[in-house]
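The sequence and the structure are shown first.

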Amino acid sequence: MLIKRRPSWSLPESEVTPRSVYLNRRKFMTGAIASAAALAAPGLLRAGGSPTTTPLTFREAPEYSTDEKKTPFDAVAKYNNFYEFGTGKGDPAKYAHEMSVDPWSVEVDGECARPGRYALEDLLKPHDYEERIYRLRCVEAWSMVIPWVGVPLATVLSRLEPNSRAKYVYFETLHDPKQMRGQRSLFSTIDWPYREGLRMDEAMNELSFLAIGLYGETLPNQNGAPIRLVVPWKYGFKSIKSIVRIRFLEEQPKTTWELLAPSEYGFYANVNPEVDHPRWSQKRERRLPSGVLRPNWMETRMFNGYEEQVAHLYKGMDLAKFY
Amino acid sequence: MLPAAERMVSSVVAKVIVFCVALMPLIWLVTDVVLGRIGPDPGQEITERLGIAAFQLLLVTLLITPLKKMTGWPGWLRHRRMLGLFAFFYAVLHVFAFLQLILGWGDLWATFTRRPYIALGAVAFLLMIPLALTSTKAMMKRMGRRWKPVHRLIYLSAVFAWLHFLWQARSDVTEMVVYGLLLLALLFIRAYWFGVSSLVPLRKSRA
């Protein structure tokens with residue numbers, strides 16, 4: 001009797017991949033290569049230093065916008081404090097392309113009913129975008145006027161259903177030394193990640209804004225892509241960039257600059273011409289772009305000119321003490 | 001050409017080269033301003049770059065003596081005065097830029113008394129003034145043995161300038177550490193060769 005021994009490589013007919021599946025796979029592969037190329041292309045462009053922003057659809061919100069002259073896009077996108085990419089004002093524009101912002105997710109935790117990891121799209125999907133032209137006053141005594149595109153912070157936070165114990169909201173920037181060369185620096189004194197926080201009533205104020213774009217397009221990486229905070233009545237460092245965590249807290253969180261130099265930077269950091277930074281005066285600011293021989297000086301306004309909307313938040317507080 | 005004349009020509013050429021190199025930071029700065037590459041906050045950028053140039057030239061000036069000692073060629077000394085004066089030149093521009101472009105000539109007294117980092121910078125600058133004034137050959141002759149101890153004030157000025165720089169760091173001090181190590185090396189090598197007392201300004205050197 002002939003005993004047929006199947007060699008180890010032999011397969012029964014039942015295991016053969018049907019022709020249709022085989023062909024589909026080929027199609028899939030071609031598609032995959034095409035989409036990989038498409039994905040890589042912006043990366044290649046980025047490596048070349050060109051901006052990779054895309055246009056956004058939004059409505060204008062004149063009720064929240066100043067009609068002051070806007071700071072040109074070039075200045076907004078090339079003059080940044082984003083120490084994750086270096087301490088020079090030009091460093092973020094040079095190196096922020098090393099950060100990948102797609103896909104992006106935000107971890108929500110703490111005192112709320114809907115914690116979890118949200119894909120950026122899911123966090124933003126239910127909301128319409130609006131454009132608000134805000135003043136931005138840096139603690140270093142310069143300022144800009146920037147048309148942001150985004151959603152009110154309050155609408156996003158409400159959907160996460162903070163509970164009654166949530167007295168503060170805390171934010172963190174991405175911490176990834178591989179993508180952020182400033183975090184690799186040997187002599188950086190910042191304890192990464194960058195942390196910021198607001199009191200709940202500040203966060204729910206109508207001016208608090210989550211920006212995803214500026215000048216009608218998605219944020220350039222150096223401006224805090226893909227999602228950042230904008231609190232226009234506070235010094236710029238409160239407006240944390242590239243947010244990866246939102247946490248609701250009962251206690252006031254420690255924030256990065258407060259941890260680093262508590263005598264110079266407080267938790268509140270409200271723009272206040274009466275309270276000087278220990279190293280310089282806050283009475284005036286240079287509105288950028290500034291002139292070469294004659295700086296574009298202007299008087300700094302209380303709460304950066306947003307007194308009407310926010311002064312009530314601090315009634316009875318000694319702002320020289322809670323700076 | 002006579003050997004003496006040849007030496008003179010080559011010394012003049014060397015001086016012109018050093019002059020041009022020392023002028024480079026200013027040329028770059030002016031070029032950037034003229035071409036609009038200085039960024040949206042020119043006052044800050046100009047002031048910072050002039051300050052850095054002053055400090056760099058101070059360090060180069062301090063490098064001359066070690067170079068002379070290590071190479072055994074005294075010719076290095078011929079360039080020391082010009083380098084020191086360039087450091088002073090940039091310091092003057094830096095101070096002027098700060099007053100004009102950042103401070104706007106207001107709050108002068110408060111600025112210098114209440115902001116220690118500016119006070120430190122002011123001390124570093126003030127210490128350079130007598131050195132610049134007594135840098136001429138005639139003054140060297142007139143001061144004789146007193147010249148050297150007076151000019152050791154440059155060590156103090158450099159240390160104050162570095163502290164002034166360090167104090168402005170907001171978080172990342174890499175640049176300050178690098179400059180600090182360079183300054184430390186320049187001072188240390190003098191202490192090693194000539195004794196710690198050689199670093200003390202205004203102390204009469206033993207003849």
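Does A:Glu130 count as buried or exposed? With a relative accessibility of 7%, A:Glu130 counts as buried, where buried means under 20% relative accessible area, exposed means over 50%, and partly exposed lies in between (1.4 Å probe, protein chains only).

## Basis of the model

This is a predicted model, in which local features need pLDDT of at least 70 and side-chain atom pairs count only at pLDDT 80 or more, while totals for chains, interfaces and linings use all residues. Residues are numbered from 1 along each chain as its sequence is written, chains are lettered from A and ligands numbered from 1 in the order in which they are written, and side-chain values use heavy atoms, with hydrogens and water left out.

## Salt bridges within chain A

Over all chains, the search of the whole structure finds 28 salt bridges, each defined as a side-chain nitrogen of Lys or Arg within 4 Å of a carboxyl oxygen of Asp or Glu. One of them joins the side chains of A:Glu130 and A:Arg59, at 3.6 Å from N to O. Because A:Glu130 lies in strand 4 (residues 130-137) of chain A and A:Arg59 in strand 1 (residues 59-60) of chain A, this pair ties together parts that are 71 residues apart in sequence. Strands (E, at least two residues) and helices (H or I, at least four) are DSSP runs, numbered from the N terminus. A:Arg59 is partly exposed, at 43% relative accessible area. A:Glu130 also forms a salt bridge with A:Arg132, with the closest N and O atoms 2.9 Å apart; both A:Glu130 and A:Arg132 are buried. A network of salt bridges that share partners joins A:Glu68, A:Arg135, A:Arg137, A:Glu285 and A:Arg287.

A further salt bridge links A:Arg117 and A:Glu107, at 3.1 Å from N to O. A:Arg117 belongs to strand 3 (residues 116-119) of chain A and A:Glu107 to strand 2 (residues 105-110) of chain A, so the pair ties together parts that are ten residues apart in sequence. A:Arg117 is exposed, with a relative accessible area of 61%, whereas A:Glu107 is partly exposed at 22%.

## Contact between chains A and B

Chain A contributes 33 residues to the contact and chain B 24 residues, contact meaning heavy atoms within 4.5 Å. Together the two chains bury about 2300 Å², of which 50% is on carbon and sulfur atoms; buried area is the accessible area (1.4 Å probe) that two parts lose on being put together, summed over both. A:Phe187, A:Arg279 and A:Val292 supply 31% of the area that chain A buries against chain B, more than any other three residues.

Two salt bridges are counted between chain A and chain B. The side chains of B:Arg115 and A:Asp276 meet in a salt bridge of 3.4 Å, N to O. On the side of chain A that touches chain B, helix 7 (256-260) and strand 12 (284-287) of chain A each supply at least two residues.

## Cysteines

The count of disulfides over all chains is zero, a disulfide being a pair of cysteine sulfur atoms within 2.5 Å. A:Cys112 is buried at 10% relative accessibility, whereas B:Cys20 is partly exposed at 40%.

## A loop residue

A:Asn272 is found in the loop between helix 7 and strand 12 of chain A, and is buried, with a relative accessible area of 7%. Leaving aside neighbours within four places in sequence, A:Asn272 is in contact with A:Tyr235, A:Gln282, A:Met302 and A:Leu319.
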